[in-house]
Amino acid sequence: MIKTDILIIGAGPTGLFTVFEAGLLQLKCHLIDALPQPGGQCAEIYPKKPIYDIPGFPEVLAGELVDNLMDQIKPFQPGFTLGERADAIEKLEDGSFVVTTNKGTKHNAPIVAIAGGLGSFEPRKPLLDNLSKFEDKGVAYMIKEPEVYRDKKVLIAGGGDSALDWSIFLADVASEVTLVHRRNEFRGALDSVEKVQQLKNQGKINLITPAEVVQLRGDDKLSGIVVRKTDNSEEIDLEVDNFIPLFGLSPKLGPISEWGLEIEKNAIKVDNTLDYQTNIPGIYAIGDINTYPGKLKLILCGFHEATLMCQSAYQRIHPDKKYVMKYTTVGGVTGFDGSKKEAPKAVVKAIE
Amino acid sequence: MSDIKIKITDRDGVLHEVDAPTDMNMNLMEVVRTYELAPEGTIGICGGMAMCASCQCYVKSDHELPEKSDDEEAMLAEAFFVEDNSRLGCQIHISPELEGLEVELAPEEQ
C-alpha cells in the first residue's frame, strides 16, 4: 500500500503544480496517471504546441512547461503510479481513502485531489464487427511486450508516429508486418516516414494505402483480415495473427463518474467559494475536470485552484494548527530531499 | 456586431438555426458549444487544435469552405464515420461568406 498525504489523480500541469504547493506546506504527494509519462494532455496531445497564457511566460511549448513543472517539484519527491488508471475508491474508518488502480495498486491518503483533466486516455477503437471478440485473442491497442509478436504475421493500422514506429520495430521481430492507412501520407517524424519507405522498398514492410481494415476473421482467435483499398475498392484478404489498430487516444471520464461525486456536464461540481472540494469531504477536484459558475478550463486557473485546495487540505490534515502563509521570496523552498533554495542574503557592509 | 445564420443538426437529428457572430474570431465548434448543441466533454475535446475529431461535422450546403490544412486532413484520415463532406468544426472560421451554412454533427465516438 502506497501511503501519502495528498493522492493526486492526474499528472497534468495542475496535478504537478499541486505537488509544489503541497510541498511548501510540508505535505507529501503521490500521483496516479493512466498515461505512461507525466504531463497529461500537454505531453500526450500537444507537446510541440506553444502556449501563450502562462503568466510570466510570453511563449512556452506545452512539453517545456511539463519539464519545468517536473523540475520545480523535484525537491518535494513526488511518487508516481504511471500507466495505471484510478478505478475504485473506498473510505476507511479513520476517514482516509484507498484508491485502487486497474492493475490493483493500492494508495492510501487522507486527501484525494482529482486533477484528471478530461478523464483518462483510452485507445480509440475502430468500428469493426467482432473487434471486442478478438481483444487479447490477436487484437491489441497498445504494444506492451514486443516479443509476443516474434515470428507472427502482424497488421498495424494507423497513420501517426506510433503506427510508423511500431511497424519499424516489428519489422525485425515479426515474420510479416503489414501497415494499413487510409491515406498515402503519414503524419510522423520525417525519420520514421523515411525509414518505413526504406523497409517497404526492401520488402520488410507490406504497405497498403490508401486502405482500411473492413473485416476480421477467425474462430477462437484472429486468423485473417480483409483490407479494402479506398481508391479502387479492391479487397485484399490477408492471413494475420495479430491486429494492432493505433488510432491514438481519447479521454474518457471513466470510473471516476461512479465514485458518488456530483457530476454536471461531464465535469465534477466543486465549491468554488472556498476550496474546490467536491460533495464528498476530503475529495477535491481541480483543473479542467471540475466545474462551477464561471469556470474556465485554463492551465493558469488550475494552478490557482491547486493552491487554494492545498490550504484546505492542510487544515483537514492538521485541524489544530494555524498556518501562516509565507512567500517563497521570504521563506525559500526547503525540499524533502534536504535541498534548500532561498534568496541570497544582502550584504551589510560600510563603504569607506 | 454582425451575425450570420447557420443551420446545425445535432447528434439527435434536431435542427437548430443559430446566429453566429463573424467578428469574434469564432469557429464552428465554438458556436456549437456556445449554444450547447452537444454536451460539454463530447465536443472540442482538444480545444480546437485539429487533434481530435470530436467536432467532426458533415457540410450539407455547397458553400465554398477554406481548404483543409495538413493537420485537418491527417486527423480526418484517422477519424471514424468520415464521409466526403466531413470537416472539423474547429477549422471552420465563422466569416460572412458562410451565411446560410448547413451542417450536421457527426456521431460521437465511443
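# Close-up views of chain A

**View 1. Helices H1(A) and H6(A) meet through A:Pro13, A:Thr14, A:Phe17, A:Thr18, A:Glu21 and A:Ala22 of H1(A) and A:Ile299, A:Gly302, A:Phe303, A:Ala306, A:Thr307 and A:Cys310 of H6(A).** Here two residues are in contact if their C-beta atoms, placed from the backbone, lie within 7 Å, and helices (H or I, at least four residues) and strands (E, at least two) are DSSP runs numbered from the N terminus. Seven residues of this contact are nonpolar, four are polar and one is charged, where Ala, Val, Leu, Ile, Met, Phe, Trp, Tyr, Cys and Pro count as nonpolar, Asp, Glu, Lys and Arg as charged, and the others, Gly among them, as polar. This is a predicted model, in which local features need pLDDT of at least 70 and side-chain atom pairs count only at pLDDT 80 or more, while totals for chains, interfaces and linings use all residues. Residues are numbered from 1 along each chain as its sequence is written, and chains are lettered from A and ligands numbered from 1 in the order in which they are written. Two packed helices are described by the angle between their axes and the distance between the axes. For H1 (residues 13-24) and H6 (residues 299-317) of chain A, the axes come within 9 Å and cross at roughly 35°, the axes being lines fitted to C-alpha atoms, for helices over the stretch in contact, with angles that run from 0 to 180 degrees between N-to-C directions. The crossing of H1(A) and H6(A) is right-handed; a crossing is left-handed if the near helix is turned anticlockwise from the far one by less than a right angle, and right-handed if clockwise.

**View 2. H1(A) also packs with helix H3 (residues 62-73) of chain A, their axes coming within 9 Å and crossing at roughly 20°.** H1(A) is therefore roughly parallel to H3(A), since angles under 35 degrees count as roughly parallel, over 145 as roughly antiparallel, 65 to 115 as roughly perpendicular and the rest as oblique. The crossing in which H1(A) passes H3(A) is left-handed. H1(A) contributes A:Pro13, A:Leu16, A:Phe17, A:Val19, A:Phe20 and A:Gly23 to the contact, while H3(A) contributes A:Leu65, A:Val66, A:Leu69, A:Met70, A:Gln72 and A:Ile73. In the contact of H1(A) with H3(A), 10 residues are nonpolar, two are polar and no residue is charged.

**View 3. Helix H4 (residues 161-170) and helix H5 (residues 190-201) of chain A pack at an angle of about 40°, with their axes 9 Å apart.** H4(A) and H5(A) are therefore oblique to each other, and their crossing is left-handed. On the H4(A) side stand A:Asp161, A:Leu164, A:Asp165, A:Ser167 and A:Ile168, which meet A:Ser192, A:Val193, A:Lys195, A:Val196 and A:Leu199 in H5(A). The contact of H4(A) with H5(A) has five nonpolar, two polar and three charged residues.

**View 4. Four strands of chain A form an open sheet with mixed pairing, in the order E1-E9-E8-E7.** Strand E1 (2-3) and strand E7 (86-91) of chain A stand at the edges with a single partner strand each, so one side of each is left without a neighbour in the sheet. E7(A) pairs with strand E8 (residues 97-101) of chain A in the antiparallel sense over five bridges, and two strands count as paired if DSSP finds at least two bridges between them. One of the bridges links A:Glu90 to its partner A:Val98 in E8(A).

**View 5. In another open sheet, four strands of chain A lie in the order E14-E13-E12-E18 with parallel pairing.** E14 and strand E18 (242-245) of chain A are at the edges, each with a single partner strand, so one side of each is left without a neighbour in the sheet. From one strand to the next, the twist averages 20°. E12(A) and E18(A) pair in the parallel sense over four bridges, and A:Ala157 has A:Pro245 in E18(A) as its bridge partner.
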